[in-house]
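I am opening a notebook page on this structure.

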Amino acid sequence: MDQQMHNFEQVKDVLDYGIQLHSQLTELYDSLNQQNDQARVKMLLDYLSRHEKNREQAMQRFEDGSRKSILNFWLQYSPGSNVEQLLKNCAVRPNMSVDDVIKTAMAFDNALIELYKGAAIIVDDPHAKEVFANLAEMEEQEKHRFVRDAEWMDDL
C-alpha cells in the first residue's frame, strides 16, 4: 500500500477509509493467524478478525443510514492519520505473543480514534461533527471491550 497522504475531501471519504481499514485489518489478523501456532494467540487473532469484520459492516450500515447531505459535506482540509504508517510497520512475523497482538490492535484502535476526533475538529457542520464524535466514541467503546475480552482470554 502506498504511503501517500489520503485525500479526504468529504465526510463520506473518511467513512469509506474507515470501512476499507477495517477490511485491511481483518486480512492482517487472518495472515498473522496463519503464521502462528500458539493456541491462545490464534484465538485472539480469530477474535480480532471477526471483530474487524463486524466493525466494517457496522460502518457500512452507518454510512448507508446517514443522510446524503451530511456525507457530502466538505472538509476544509484532511485530518491526519498515522494508520498507513502503522500498517506498513506492522511486521507480520511468526509467533507473535499475546502481548504483541494486543499492542498492535491497540495501536490501530488509537489511530482510528485520532482520525475521527481530528475530523470532528475540522468539520464545520454540527451534524457532521456529531457523526465523527459518535464514531470516535464507538471506537473507544470497542477498544475497552477488546481489552476486557483479551484479559478474559488470558485467564483461560
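**Entry 1: the cavity.** I note at the start that the model is predicted. I began with the lining of the largest cavity and sorted its residues by class: five are nonpolar, two are charged and none is polar. I then looked up the names, which are Arg-40, Met-43, Leu-44, Val-98, Ala-150, Met-153 and Asp-154. I searched for cavities of 30 Å³ or more and the structure holds one. The space in the largest cavity comes to about 50 Å³.

I asked which helices each supply at least two residues of this lining. They are helix 2, residues 39-65, and helix 6, residues 126-154. I took these two helices next.

**Entry 2: helix 6.** I counted 29 residues in helix 6 and took its span from first C-alpha to last as 42 Å, close to the 42 Å expected at 1.5 Å a residue. At the N-terminal end I found a cap from Asp-125, with a side-chain oxygen 3.1 Å from the backbone nitrogen of His-127.

For burial I listed Ala-128, Val-131, Phe-132, Leu-135, Ala-136, Glu-139, Glu-142, Lys-143, Phe-146, Ala-150 and Met-153. Of these, I had already met Ala-150 and Met-153 in the cavity lining. I checked what the buried residues of helix 6 pack against, and recorded helix 1 (11-34), helix 2, helix 3 (68-71) and helix 5 (98-122).

**Entry 3: helix 2.** I repeated the check on helix 2, which has 27 residues and reaches 39 Å between its end C-alphas, close to the 39 Å expected at 1.5 Å a residue. My list of its buried residues reads Val-41, Leu-44, Leu-45, Tyr-47, Leu-48, Ser-49, His-51, Glu-52, Arg-55, Glu-56, Met-59 and Glu-63. Leu-44 also belongs to the lining of the largest cavity. The cover over the buried residues of helix 2 includes helix 1, helix 3, helix 5 and helix 6.

I then asked which residues Arg-55 is in contact with, leaving aside neighbours within four places in sequence. I wrote down His-22, Asp-109, Glu-139 and Glu-142. Glu-139 and Glu-142 are among the buried residues of helix 6. With Asp-109, the Arg-55 side chain makes a polar contact, side chain to side chain, at 3.0 Å.

Definitions and conventions: Residues numbered from 1 in each chain as written. Predicted model: local features only at pLDDT ≥ 70, side-chain atom pairs only at ≥ 80, totals over all residues. Heavy atoms only, no water. 1 Å grid on protein atoms, 1.4 Å probe; cavity = no way out; pocket = protein on both sides within 12 Å on 5 of 7 lines; lining within 4 Å. Points joined across faces, edges and corners; volume = space filled by probe spheres on them. Helix = DSSP H or I, 4+ residues; strand = E, 2+ residues; numbered from the N terminus. Nonpolar A, V, L, I, M, F, W, Y, C, P; charged D, E, K, R; others polar. Expected span 1.5 Å × (residues − 1). Buried < 20%, exposed > 50% of the residue type's maximum accessible area, 1.4 Å probe, protein only. Contact = heavy atoms within 4.5 Å. Polar contact = N/O pair within 3.5 Å; in protein donor to acceptor, adjacent residues only side chain to side chain.
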